Amino acid sequence: MNASLDEVARRPGEWLRGSGPLHDIVISTRVRLARNIRGFPFQPRADADQRADIAATIEAAVRKAARLNEFQHLDVEELEELDRALLVERHLISRQHAEGRGARRVAFHPSEASGLMINEEDHLRMQVMRSGFQLEQAWEEIDAIDDAIEEQLEYEFHPQYGYLTACPTNVGTGIRVSVMLHLPALRLTSELEKVGQAAKDMKLAIRGLYGEGSEAQGDFFQISNQITLGRGESEIIDDFRGVVIPKIVEYEHAARDALLKNRLHALDDRIWRAMAQLQNARLMSSNEAMQYLSHVRMGLHVGRLSSVDLQTVNELFIQTQPAHLQKLQGERLNGEQRSIARAALIRARLSNN
Amino acid sequence: MGLCERCKKAQATFHLTNIKPSGEKEERHFCERCAVEAGLLQIQKPSVNLNDIIESFVGGAKESGSALSNLVCEECGISYVEFRNHGLFGCPRDYDVFKEPLAKLLERAHDGATHHTGKTPKSLGTARTTQQDIHRLKRQLAEAVAAEDYERAAELRDRIRELEE
(Lines give C-alpha, C1' and ligand atoms only; values in the text may rest on other atoms or scores of the structure.)
Protein backbone atom coordinates (compact mmCIF):
# COMPACT_ATOMS: atom_id res chain seq x y z
CA MET A 1 0.00 0.00 0.00
CA ASN A 2 1.15 3.51 -0.74
CA ALA A 3 2.58 5.04 2.44
CA SER A 4 1.80 8.66 1.51
CA LEU A 5 -1.84 7.66 1.17
CA ASP A 6 -1.92 6.26 4.73
CA GLU A 7 -1.44 9.86 5.78
CA VAL A 8 -4.26 11.00 3.48
CA ALA A 9 -6.67 8.51 5.09
CA ARG A 10 -5.91 9.87 8.55
CA ARG A 11 -6.24 13.59 7.90
CA PRO A 12 -9.52 15.41 7.46
CA GLY A 13 -9.12 17.24 4.12
CA GLU A 14 -9.82 20.93 3.74
CA TRP A 15 -13.32 20.60 2.35
CA LEU A 16 -14.47 18.50 5.30
CA ARG A 17 -13.80 21.20 7.85
CA GLY A 18 -17.50 21.94 8.12
CA SER A 19 -16.99 25.66 7.65
CA GLY A 20 -17.84 28.21 5.00
CA PRO A 21 -21.12 29.91 4.10
CA LEU A 22 -24.29 27.83 4.57
CA HIS A 23 -22.21 24.91 5.85
CA ASP A 24 -25.14 23.50 7.83
CA ILE A 25 -26.65 22.45 4.51
CA VAL A 26 -23.96 22.85 1.86
CA ILE A 27 -21.21 20.32 2.57
CA SER A 28 -18.93 21.35 -0.24
CA THR A 29 -18.61 23.18 -3.53
CA ARG A 30 -16.63 21.73 -6.40
CA VAL A 31 -15.71 23.16 -9.80
CA ARG A 32 -14.15 20.97 -12.46
CA LEU A 33 -12.70 21.89 -15.87
CA ALA A 34 -12.14 19.45 -18.72
CA ARG A 35 -9.30 20.15 -21.14
CA ASN A 36 -7.50 18.34 -23.95
CA ILE A 37 -4.09 19.20 -25.28
CA ARG A 38 -3.17 19.80 -28.90
CA GLY A 39 -1.48 17.22 -31.05
CA PHE A 40 -3.03 14.07 -29.59
CA PRO A 41 -6.16 12.04 -30.25
CA PHE A 42 -8.77 11.90 -27.50
CA GLN A 43 -8.56 9.12 -24.93
CA PRO A 44 -10.64 6.47 -26.77
CA ARG A 45 -8.29 6.59 -29.78
CA ALA A 46 -4.97 7.12 -28.04
CA ASP A 47 -2.68 4.08 -28.10
CA ALA A 48 -0.45 3.12 -25.17
CA ASP A 49 2.47 5.26 -26.39
CA GLN A 50 0.28 8.29 -26.95
CA ARG A 51 -1.29 7.91 -23.52
CA ALA A 52 2.16 7.78 -21.97
CA ASP A 53 3.14 10.89 -23.96
CA ILE A 54 0.03 12.77 -22.87
CA ALA A 55 0.64 11.84 -19.23
CA ALA A 56 4.29 12.90 -19.39
CA THR A 57 3.51 16.17 -21.21
CA ILE A 58 0.83 17.27 -18.77
CA GLU A 59 2.72 16.15 -15.69
CA ALA A 60 5.76 18.14 -16.85
CA ALA A 61 3.58 21.21 -17.42
CA VAL A 62 2.05 20.91 -13.96
CA ARG A 63 5.48 20.52 -12.37
CA LYS A 64 6.70 23.64 -14.20
CA ALA A 65 3.77 25.80 -13.09
CA ALA A 66 5.01 27.67 -10.03
CA ARG A 67 1.50 27.91 -8.64
CA LEU A 68 1.22 24.14 -8.51
CA ASN A 69 4.65 23.33 -7.06
CA GLU A 70 3.19 21.82 -3.91
CA PHE A 71 1.12 19.27 -5.80
CA GLN A 72 1.75 15.64 -4.94
CA HIS A 73 1.90 13.41 -8.05
CA LEU A 74 0.83 9.77 -8.13
CA ASP A 75 0.87 7.20 -10.91
CA VAL A 76 -2.64 5.73 -10.73
CA GLU A 77 -1.63 2.79 -12.94
CA GLU A 78 0.84 1.64 -10.30
CA LEU A 79 -1.43 2.09 -7.29
CA GLU A 80 -3.06 -0.88 -5.62
CA GLU A 81 -6.81 -1.25 -5.87
CA LEU A 82 -7.31 -0.19 -2.26
CA ASP A 83 -5.32 3.01 -2.71
CA ARG A 84 -7.30 3.86 -5.82
CA ALA A 85 -10.54 3.25 -3.92
CA LEU A 86 -9.30 5.56 -1.18
CA LEU A 87 -8.74 8.34 -3.72
CA VAL A 88 -12.28 7.83 -5.03
CA GLU A 89 -13.70 8.13 -1.51
CA ARG A 90 -11.71 11.36 -1.09
CA HIS A 91 -13.19 12.68 -4.35
CA LEU A 92 -9.65 13.06 -5.71
CA ILE A 93 -10.29 10.72 -8.63
CA SER A 94 -13.44 9.37 -10.27
CA ARG A 95 -14.47 5.73 -10.27
CA GLN A 96 -13.81 5.73 -13.99
CA HIS A 97 -10.23 6.89 -13.37
CA ALA A 98 -9.72 4.26 -10.66
CA GLU A 99 -10.99 1.46 -12.86
CA GLY A 100 -9.46 2.68 -16.14
CA ARG A 101 -6.50 1.24 -17.99
CA GLY A 102 -3.16 2.48 -19.22
CA ALA A 103 -1.07 5.49 -18.27
CA ARG A 104 -3.01 7.78 -15.95
CA ARG A 105 -2.07 10.09 -13.15
CA VAL A 106 -3.44 12.12 -10.31
CA ALA A 107 -1.94 15.19 -8.66
CA PHE A 108 -3.31 17.21 -5.77
CA HIS A 109 -2.47 19.88 -3.26
CA PRO A 110 -1.75 18.46 0.24
CA SER A 111 -4.91 20.24 1.46
CA GLU A 112 -6.84 18.27 -1.20
CA ALA A 113 -8.63 21.52 -2.01
CA SER A 114 -7.35 21.33 -5.59
CA GLY A 115 -6.24 18.52 -7.80
CA LEU A 116 -6.23 17.07 -11.28
CA MET A 117 -6.58 13.81 -13.17
CA ILE A 118 -4.53 13.05 -16.27
CA ASN A 119 -5.93 10.66 -18.91
CA GLU A 120 -9.38 10.23 -17.51
CA GLU A 121 -12.11 10.69 -20.15
CA ASP A 122 -10.28 13.85 -21.22
CA HIS A 123 -6.54 14.43 -21.19
CA LEU A 124 -6.84 16.75 -18.23
CA ARG A 125 -9.52 17.28 -15.64
CA MET A 126 -8.81 19.68 -12.83
CA GLN A 127 -10.93 20.45 -9.81
CA VAL A 128 -11.15 22.75 -6.84
CA MET A 129 -13.14 21.85 -3.72
CA ARG A 130 -14.22 24.15 -0.94
CA SER A 131 -16.01 23.58 2.33
CA GLY A 132 -19.50 25.09 2.40
CA PHE A 133 -20.90 27.25 -0.38
CA GLN A 134 -17.90 29.04 -1.91
CA LEU A 135 -18.55 29.01 -5.60
CA GLU A 136 -16.82 32.23 -6.58
CA GLN A 137 -13.68 31.40 -4.63
CA ALA A 138 -13.63 27.95 -6.18
CA TRP A 139 -14.03 29.41 -9.66
CA GLU A 140 -11.28 32.00 -9.17
CA GLU A 141 -8.92 29.31 -7.97
CA ILE A 142 -9.57 26.89 -10.81
CA ASP A 143 -9.44 29.71 -13.35
CA ALA A 144 -5.94 30.54 -12.07
CA ILE A 145 -4.84 26.88 -12.13
CA ASP A 146 -6.13 26.59 -15.70
CA ASP A 147 -4.15 29.70 -16.71
CA ALA A 148 -1.01 28.42 -15.02
CA ILE A 149 -1.16 25.13 -16.92
CA GLU A 150 -2.05 26.83 -20.19
CA GLU A 151 1.15 28.85 -19.96
CA GLN A 152 3.03 25.57 -20.28
CA LEU A 153 1.09 23.84 -23.07
CA GLU A 154 -1.54 24.36 -25.73
CA TYR A 155 -5.17 23.37 -25.25
CA GLU A 156 -7.44 22.16 -28.01
CA PHE A 157 -9.83 25.05 -28.63
CA HIS A 158 -12.36 25.36 -31.45
CA PRO A 159 -13.53 28.75 -32.77
CA GLN A 160 -17.18 27.74 -32.56
CA TYR A 161 -17.30 25.03 -29.90
CA GLY A 162 -14.72 26.31 -27.42
CA TYR A 163 -12.70 23.81 -25.36
CA LEU A 164 -13.07 20.47 -27.10
CA THR A 165 -13.82 17.39 -25.02
CA ALA A 166 -14.03 13.69 -25.86
CA CYS A 167 -17.73 13.72 -25.05
CA PRO A 168 -19.77 16.48 -26.70
CA THR A 169 -21.89 16.88 -23.56
CA ASN A 170 -18.90 18.63 -21.93
CA VAL A 171 -17.81 20.81 -24.85
CA GLY A 172 -17.62 24.59 -24.60
CA THR A 173 -16.53 25.69 -21.16
CA GLY A 174 -15.82 22.12 -20.04
CA ILE A 175 -17.06 23.23 -16.64
CA ARG A 176 -18.91 21.10 -14.13
CA VAL A 177 -20.06 22.84 -10.99
CA SER A 178 -21.21 20.44 -8.25
CA VAL A 179 -22.65 21.45 -4.94
CA MET A 180 -23.05 18.75 -2.31
CA LEU A 181 -26.07 19.22 -0.08
CA HIS A 182 -27.29 17.63 3.13
CA LEU A 183 -31.08 17.55 3.08
CA PRO A 184 -32.28 15.32 5.93
CA ALA A 185 -35.37 17.36 6.84
CA LEU A 186 -36.66 17.47 3.27
CA ARG A 187 -36.38 13.70 3.16
CA LEU A 188 -38.14 13.27 6.52
CA THR A 189 -40.98 15.55 5.42
CA SER A 190 -41.11 13.85 1.97
CA GLU A 191 -40.51 17.10 0.13
CA LEU A 192 -37.52 16.12 -1.95
CA GLU A 193 -39.44 16.56 -5.18
CA LYS A 194 -39.28 20.32 -4.51
CA VAL A 195 -35.52 20.06 -4.85
CA GLY A 196 -35.88 18.06 -8.02
CA GLN A 197 -38.15 20.71 -9.47
CA ALA A 198 -35.86 23.60 -8.49
CA ALA A 199 -32.93 21.86 -10.16
CA LYS A 200 -34.92 20.86 -13.21
CA ASP A 201 -36.14 24.41 -13.76
CA MET A 202 -32.53 25.49 -14.17
CA LYS A 203 -31.58 22.37 -16.16
CA LEU A 204 -29.34 21.05 -13.41
CA ALA A 205 -28.88 17.39 -12.52
CA ILE A 206 -29.16 15.73 -9.09
CA ARG A 207 -26.99 12.80 -8.16
CA GLY A 208 -25.74 10.89 -5.14
CA LEU A 209 -22.62 11.53 -3.13
CA TYR A 210 -20.17 9.95 -5.54
CA GLY A 211 -21.42 11.54 -8.73
CA GLU A 212 -22.53 9.89 -11.92
CA GLY A 213 -24.52 6.73 -11.44
CA SER A 214 -24.38 6.81 -7.65
CA GLU A 215 -27.44 6.57 -5.44
CA ALA A 216 -28.22 9.31 -2.99
CA GLN A 217 -27.04 7.97 0.38
CA GLY A 218 -27.86 9.22 3.84
CA ASP A 219 -29.67 12.33 2.64
CA PHE A 220 -26.74 13.66 0.59
CA PHE A 221 -27.29 15.05 -2.87
CA GLN A 222 -25.06 16.55 -5.49
CA ILE A 223 -26.43 19.20 -7.82
CA SER A 224 -24.51 19.92 -10.99
CA ASN A 225 -24.86 21.71 -14.30
CA GLN A 226 -25.45 19.81 -17.52
CA ILE A 227 -25.11 22.61 -20.03
CA THR A 228 -21.55 23.57 -20.95
CA LEU A 229 -22.06 25.20 -24.36
CA GLY A 230 -23.48 28.64 -24.95
CA ARG A 231 -23.39 29.71 -21.32
CA GLY A 232 -20.32 31.37 -19.85
CA GLU A 233 -18.73 30.17 -16.62
CA SER A 234 -20.04 33.17 -14.71
CA GLU A 235 -23.58 32.65 -15.99
CA ILE A 236 -23.48 29.02 -14.89
CA ILE A 237 -22.14 30.02 -11.49
CA ASP A 238 -24.85 32.68 -11.17
CA ASP A 239 -27.56 30.05 -11.74
CA PHE A 240 -26.32 28.21 -8.67
CA ARG A 241 -25.47 31.23 -6.56
CA GLY A 242 -28.40 33.46 -7.27
CA VAL A 243 -31.17 30.96 -7.79
CA VAL A 244 -30.97 27.25 -7.17
CA ILE A 245 -28.88 26.82 -4.05
CA PRO A 246 -30.47 29.63 -1.99
CA LYS A 247 -33.88 28.21 -2.89
CA ILE A 248 -33.02 24.66 -1.83
CA VAL A 249 -31.33 25.90 1.37
CA GLU A 250 -34.49 27.84 2.14
CA TYR A 251 -36.64 24.72 1.62
CA GLU A 252 -34.42 22.69 3.93
CA HIS A 253 -34.46 25.39 6.60
CA ALA A 254 -38.25 25.62 6.37
CA ALA A 255 -38.53 21.83 6.70
CA ARG A 256 -36.23 21.86 9.74
CA ASP A 257 -38.27 24.65 11.34
CA ALA A 258 -41.49 22.77 10.67
CA LEU A 259 -40.09 19.63 12.30
CA LEU A 260 -38.95 21.63 15.33
CA LYS A 261 -42.30 23.29 15.63
CA ASN A 262 -44.72 20.50 14.84
CA ARG A 263 -42.91 17.21 15.33
CA LEU A 264 -40.29 17.87 17.96
CA HIS A 265 -40.60 14.48 19.70
CA ALA A 266 -40.37 12.60 16.45
CA LEU A 267 -37.35 14.66 15.45
CA ASP A 268 -35.61 14.18 18.79
CA ASP A 269 -36.35 10.49 18.64
CA ARG A 270 -34.62 10.20 15.24
CA ILE A 271 -31.59 12.15 16.38
CA TRP A 272 -31.11 10.37 19.68
CA ARG A 273 -31.82 6.91 18.33
CA ALA A 274 -29.19 7.58 15.68
CA MET A 275 -26.75 8.67 18.36
CA ALA A 276 -27.50 5.57 20.43
CA GLN A 277 -26.90 3.29 17.46
CA LEU A 278 -23.62 4.99 16.62
CA GLN A 279 -22.39 4.84 20.21
CA ASN A 280 -23.39 1.24 20.85
CA ALA A 281 -23.58 -0.84 17.68
CA ARG A 282 -21.08 -3.67 17.26
CA LEU A 283 -21.70 -4.21 13.54
CA MET A 284 -22.52 -1.37 11.21
CA SER A 285 -22.88 -1.24 7.44
CA SER A 286 -21.76 1.74 5.42
CA ASN A 287 -25.34 2.72 4.54
CA GLU A 288 -26.47 2.52 8.15
CA ALA A 289 -23.57 4.67 9.26
CA MET A 290 -24.42 7.27 6.61
CA GLN A 291 -28.04 7.42 7.70
CA TYR A 292 -27.32 7.72 11.45
CA LEU A 293 -24.52 10.22 10.93
CA SER A 294 -26.87 12.23 8.76
CA HIS A 295 -29.44 12.46 11.57
CA VAL A 296 -26.79 13.35 14.13
CA ARG A 297 -25.45 16.06 11.83
CA MET A 298 -28.93 17.49 11.53
CA GLY A 299 -29.30 17.27 15.33
CA LEU A 300 -26.22 19.45 15.74
CA HIS A 301 -27.52 22.06 13.34
CA VAL A 302 -30.99 22.32 14.78
CA GLY A 303 -29.55 22.61 18.29
CA ARG A 304 -30.98 19.37 19.69
CA LEU A 305 -27.58 17.81 20.31
CA SER A 306 -24.25 19.28 21.32
CA SER A 307 -22.19 16.41 22.69
CA VAL A 308 -20.25 15.91 19.40
CA ASP A 309 -18.55 18.40 17.13
CA LEU A 310 -19.33 18.89 13.49
CA GLN A 311 -15.87 18.14 12.17
CA THR A 312 -15.87 14.73 13.88
CA VAL A 313 -19.18 13.89 12.25
CA ASN A 314 -18.01 15.13 8.84
CA GLU A 315 -14.80 13.12 9.10
CA LEU A 316 -16.70 9.98 10.03
CA PHE A 317 -18.71 10.20 6.81
CA ILE A 318 -15.48 9.70 4.89
CA GLN A 319 -13.49 7.55 7.28
CA THR A 320 -16.23 4.92 7.60
CA GLN A 321 -16.12 4.28 3.84
CA PRO A 322 -14.66 0.84 2.97
CA ALA A 323 -11.23 1.87 1.65
CA HIS A 324 -10.66 4.38 4.47
CA LEU A 325 -11.45 1.76 7.10
CA GLN A 326 -8.98 -0.67 5.57
CA LYS A 327 -6.27 1.98 5.25
CA LEU A 328 -6.79 3.05 8.86
CA GLN A 329 -6.59 -0.58 10.02
CA GLY A 330 -3.61 -1.21 7.78
CA GLU A 331 -5.06 -4.44 6.39
CA ARG A 332 -7.59 -5.88 3.97
CA LEU A 333 -10.98 -6.55 5.55
CA ASN A 334 -13.97 -8.53 4.32
CA GLY A 335 -17.51 -7.21 4.63
CA GLU A 336 -18.15 -8.44 8.17
CA GLN A 337 -14.72 -7.31 9.39
CA ARG A 338 -15.44 -3.87 7.94
CA SER A 339 -18.75 -3.69 9.79
CA ILE A 340 -16.92 -4.52 13.03
CA ALA A 341 -14.15 -2.01 12.36
CA ARG A 342 -16.65 0.68 11.34
CA ALA A 343 -18.72 0.24 14.50
CA ALA A 344 -15.55 0.31 16.64
CA LEU A 345 -14.18 3.44 14.94
CA ILE A 346 -17.44 5.32 15.39
CA ARG A 347 -17.76 4.29 19.05
CA ALA A 348 -14.22 5.41 19.75
CA ARG A 349 -14.62 8.75 18.01
CA LEU A 350 -17.98 9.57 19.55
CA SER A 351 -16.93 8.76 23.12
CA ASN A 352 -13.93 11.10 22.99
CA ASN A 353 -16.10 14.10 22.55
CA MET B 1 -30.71 -18.50 -24.28
CA GLY B 2 -31.08 -17.24 -27.84
CA LEU B 3 -29.87 -14.26 -29.77
CA CYS B 4 -31.91 -11.19 -30.51
CA GLU B 5 -34.04 -11.78 -33.59
CA ARG B 6 -33.57 -8.23 -34.78
CA CYS B 7 -29.80 -7.58 -34.65
CA LYS B 8 -28.87 -11.28 -34.35
CA LYS B 9 -25.82 -10.27 -32.31
CA ALA B 10 -26.73 -9.56 -28.72
CA GLN B 11 -28.27 -11.93 -26.19
CA ALA B 12 -32.06 -11.71 -26.15
CA THR B 13 -33.21 -10.50 -22.75
CA PHE B 14 -36.59 -9.09 -23.70
CA HIS B 15 -39.24 -11.72 -24.47
CA LEU B 16 -42.61 -10.92 -25.88
CA THR B 17 -45.53 -13.32 -26.16
CA ASN B 18 -48.22 -12.20 -28.54
CA ILE B 19 -51.58 -13.92 -28.44
CA LYS B 20 -53.35 -13.53 -31.75
CA PRO B 21 -57.14 -13.27 -32.00
CA SER B 22 -57.16 -16.89 -33.14
CA GLY B 23 -55.60 -17.84 -29.81
CA GLU B 24 -52.31 -18.75 -31.45
CA LYS B 25 -49.19 -17.75 -29.48
CA GLU B 26 -46.30 -15.96 -31.09
CA GLU B 27 -43.02 -15.59 -29.19
CA ARG B 28 -40.50 -12.90 -30.02
CA HIS B 29 -37.04 -12.28 -28.54
CA PHE B 30 -35.02 -9.07 -28.53
CA CYS B 31 -31.96 -7.62 -26.87
CA GLU B 32 -32.64 -4.58 -24.74
CA ARG B 33 -31.25 -2.17 -27.31
CA CYS B 34 -33.43 -3.49 -30.13
CA ALA B 35 -36.47 -3.60 -27.84
CA VAL B 36 -35.95 0.08 -27.15
CA GLU B 37 -35.35 0.90 -30.79
CA ALA B 38 -38.44 -0.99 -31.85
CA GLY B 39 -40.42 1.02 -29.32
CA LEU B 40 -41.29 -2.05 -27.24
CA LEU B 41 -39.47 -0.98 -24.12
CA GLN B 42 -39.32 2.38 -22.44
CA ILE B 43 -36.24 3.13 -20.43
CA GLN B 44 -36.72 5.55 -17.56
CA LYS B 45 -33.74 7.80 -17.20
CA PRO B 46 -33.24 10.90 -15.12
CA SER B 47 -32.75 14.26 -16.82
CA VAL B 48 -30.48 14.66 -19.82
CA ASN B 49 -28.85 11.45 -20.91
CA LEU B 50 -26.39 11.36 -23.74
CA ASN B 51 -27.49 7.96 -24.97
CA ASP B 52 -31.09 9.09 -25.19
CA ILE B 53 -30.05 12.09 -27.16
CA ILE B 54 -27.86 10.11 -29.49
CA GLU B 55 -30.48 7.39 -29.87
CA SER B 56 -33.25 9.78 -30.70
CA PHE B 57 -31.32 11.77 -33.16
CA VAL B 58 -29.68 8.77 -34.79
CA GLY B 59 -33.19 7.44 -35.16
CA GLY B 60 -33.96 10.56 -37.15
CA ALA B 61 -30.83 10.18 -39.20
CA LYS B 62 -31.73 6.64 -40.14
CA GLU B 63 -34.92 7.81 -41.75
CA SER B 64 -33.05 10.27 -43.92
CA GLY B 65 -30.70 7.59 -45.22
CA SER B 66 -27.67 5.73 -43.97
CA ALA B 67 -25.02 8.10 -45.35
CA LEU B 68 -24.16 9.13 -41.79
CA SER B 69 -23.29 5.68 -40.62
CA ASN B 70 -20.64 5.50 -43.32
CA LEU B 71 -18.99 8.71 -42.22
CA VAL B 72 -15.45 8.10 -40.95
CA CYS B 73 -12.85 10.56 -39.68
CA GLU B 74 -9.66 10.17 -41.71
CA GLU B 75 -7.57 11.48 -38.86
CA CYS B 76 -8.48 9.09 -36.06
CA GLY B 77 -10.44 6.47 -38.00
CA ILE B 78 -13.52 6.65 -35.80
CA SER B 79 -16.79 6.00 -37.60
CA TYR B 80 -20.03 7.69 -36.86
CA VAL B 81 -21.43 4.37 -35.64
CA GLU B 82 -18.60 3.97 -33.12
CA PHE B 83 -19.19 7.47 -31.81
CA ARG B 84 -22.87 6.73 -31.55
CA ASN B 85 -22.21 3.53 -29.58
CA HIS B 86 -19.80 5.02 -27.06
CA GLY B 87 -20.71 8.70 -26.99
CA LEU B 88 -17.05 9.68 -27.25
CA PHE B 89 -15.11 11.23 -30.09
CA GLY B 90 -11.70 9.99 -31.20
CA CYS B 91 -9.99 13.28 -31.98
CA PRO B 92 -10.65 17.03 -32.13
CA ARG B 93 -11.28 16.90 -35.88
CA ASP B 94 -14.43 14.83 -35.30
CA TYR B 95 -16.21 17.99 -34.29
CA ASP B 96 -15.86 19.19 -37.89
CA VAL B 97 -16.14 15.82 -39.63
CA PHE B 98 -19.44 15.04 -37.91
CA LYS B 99 -20.52 18.66 -37.80
CA GLU B 100 -23.92 18.19 -39.36
CA PRO B 101 -25.33 15.43 -37.14
CA LEU B 102 -23.49 16.91 -34.17
CA ALA B 103 -25.36 20.20 -34.44
CA LYS B 104 -28.67 18.55 -33.50
CA LEU B 105 -27.09 16.63 -30.68
CA LEU B 106 -25.45 19.72 -29.21
CA GLU B 107 -28.64 21.69 -29.41
CA ARG B 108 -30.47 19.04 -27.44
CA ALA B 109 -27.73 18.53 -24.88
CA HIS B 110 -27.06 22.24 -24.38
CA ASP B 111 -30.51 23.77 -24.56
CA GLY B 112 -30.31 25.06 -28.10
CA ALA B 113 -26.77 26.45 -27.92
CA THR B 114 -24.60 26.44 -31.02
CA HIS B 115 -21.57 28.52 -29.99
CA HIS B 116 -19.21 28.68 -27.05
CA THR B 117 -19.30 31.69 -24.79
CA GLY B 118 -16.99 32.11 -21.85
CA LYS B 119 -13.33 31.62 -21.20
CA THR B 120 -10.83 31.49 -24.07
CA PRO B 121 -7.19 30.48 -23.92
CA LYS B 122 -5.05 33.55 -23.20
CA SER B 123 -2.88 32.76 -26.22
CA LEU B 124 -5.78 33.50 -28.57
CA GLY B 125 -6.04 37.16 -27.64
CA THR B 126 -9.13 39.32 -27.54
CA ALA B 127 -10.56 39.09 -31.09
CA ARG B 128 -12.32 35.84 -30.38
CA THR B 129 -13.58 37.02 -27.04
CA THR B 130 -15.39 39.88 -28.73
CA GLN B 131 -17.10 37.50 -31.16
CA GLN B 132 -18.22 35.42 -28.21
CA ASP B 133 -19.49 38.45 -26.34
CA ILE B 134 -21.60 39.38 -29.34
CA HIS B 135 -22.99 35.87 -29.43
CA ARG B 136 -23.82 35.91 -25.77
CA LEU B 137 -25.42 39.35 -25.95
CA LYS B 138 -27.53 38.31 -28.92
CA ARG B 139 -28.85 35.37 -26.97
CA GLN B 140 -29.59 37.57 -23.99
CA LEU B 141 -31.32 40.02 -26.34
CA ALA B 142 -33.58 37.26 -27.61
CA GLU B 143 -34.37 36.30 -24.01
CA ALA B 144 -35.14 39.89 -23.09
CA VAL B 145 -37.46 40.26 -26.08
CA ALA B 146 -39.20 36.99 -25.21
CA ALA B 147 -39.67 38.27 -21.66
CA GLU B 148 -40.94 41.58 -23.05
CA ASP B 149 -38.21 43.41 -21.15
CA TYR B 150 -37.76 46.10 -23.81
CA GLU B 151 -35.63 48.39 -21.70
CA ARG B 152 -33.02 45.70 -21.27
CA ALA B 153 -33.39 44.68 -24.92
CA ALA B 154 -32.58 48.22 -26.05
CA GLU B 155 -29.55 48.29 -23.78
CA LEU B 156 -28.32 44.96 -25.15
CA ARG B 157 -28.92 46.08 -28.74
CA ASP B 158 -26.74 49.15 -28.17
CA ARG B 159 -23.94 47.09 -26.68
CA ILE B 160 -24.04 44.67 -29.60
CA ARG B 161 -23.78 47.60 -32.03
CA GLU B 162 -20.80 48.98 -30.15
CA LEU B 163 -18.98 45.66 -30.23
CA GLU B 164 -19.77 45.06 -33.88
CA GLU B 165 -18.08 48.32 -34.81
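**Entry 1. Arg93(B) and Glu75(B)**

A salt bridge here is a side-chain nitrogen of Lys or Arg within 4 Å of a carboxyl oxygen of Asp or Glu. I was working on a predicted model. I looked up Arg93(B) and Glu75(B) and found their side chains meeting in a salt bridge, at 3.7 Å from N to O. Arg93(B) sits in the loop between α3 and α4 of chain B, and Glu75(B) in the loop between α2 (50–63) and α3, so the pair ties together parts that are 18 residues apart in sequence. I then checked accessibility. Arg93(B) is partly exposed at 41%. Glu75(B) is exposed at 58%, because the cut-off for exposed is over 50%.

I asked how many salt bridges the structure holds over all chains. The count is 30. I picked two in chain A to follow up.

The side chains of Lys327(A) and Asp6(A) form a salt bridge, at 2.9 Å from N to O. This pair links distant parts of the chain: Lys327(A) is in helix α12 (residues 322–329) and Asp6(A) in helix α1 (residues 3–10), 321 residues apart. Is Lys327(A) buried or exposed? Lys327(A) has a relative accessible area of 3% and is buried, because anything under 20% counts as buried.

Next I took Arg241(A) and Glu136(A). Their side chains meet in a salt bridge, with 3.0 Å between N and O. Arg241(A) belongs to helix α8 (residues 233–262) and Glu136(A) to helix α5 (residues 135–150), so this pair ties together parts 105 residues apart in sequence. Both ends came out partly exposed: Arg241(A) has 34% relative accessibility, and Glu136(A) has 39%.

**Entry 2. The interface of chains A and B**

I moved on to the contact between the chains. Each side brings residues: 40 from chain B and 40 from chain A. Together the two chains bury about 3,300 Å², with 57% of that on carbon and sulfur atoms. Which three residues of chain B supply more of its buried area than any other three? They are Tyr95(B), His110(B) and Lys119(B), with 23% of the area that chain B buries against chain A.

I then looked at polar pairing. I noted six salt bridges between chain B and chain A. In one of them, Asp146(A) pairs with Lys119(B), and the closest N and O atoms are 2.7 Å apart. Across the interface, 24 residue pairs are in polar contact. On the chain B side, the elements that give two or more residues are α3 (80–86), α4 (94–97), α5 (99–109) and α6 (127–146). The residues on that side divide into 17 nonpolar, 14 polar and nine charged.

A network of them links Arg35(A), Asp143(A), Asp146(A), Asp147(A), Lys119(B) and Lys122(B).

**Entry 3. Asn170(A)**

Last, I looked up where Asn170(A) lies. Asn170(A) is in the loop between β7 (162–163) and β8 (175–182) of chain A. Asn170(A) is buried, with 3% relative accessible area. Leaving aside neighbours within four places in sequence, I listed its contacts: Arg32(A), Glu121(A), Asp122(A), Arg125(A), Thr165(A), Arg176(A) and Thr228(A). With Arg176(A) there is a polar contact, side chain to side chain, at 2.9 Å. I also noted Ala34(A), which is 136 residues from Asn170(A) in sequence but 7.5 Å away in space, C-alpha to C-alpha.

Conventions
Residues are numbered from 1 along each chain as its sequence is written. Chains are lettered from A and ligands numbered from 1 in the order in which they are written. This is a predicted model: local features need pLDDT of at least 70, side-chain atom pairs count only at pLDDT 80 or more; totals for chains, interfaces and linings use all residues. Side-chain values use heavy atoms; hydrogens and water are left out. Contact means heavy atoms within 4.5 Å. Buried area is the accessible area (1.4 Å probe) that two parts lose on being put together, summed over both. A polar contact is a pair of N or O atoms within 3.5 Å; within protein, one must be able to donate a hydrogen and the other to accept it, and residues adjacent in sequence count only if both atoms are side-chain atoms. Helices (H or I, at least four residues) and strands (E, at least two) are DSSP runs, numbered from the N terminus. Ala, Val, Leu, Ile, Met, Phe, Trp, Tyr, Cys and Pro count as nonpolar, Asp, Glu, Lys and Arg as charged, and the others, Gly among them, as polar. Buried means under 20% relative accessible area, exposed over 50%, partly exposed in between (1.4 Å probe, protein chains only).
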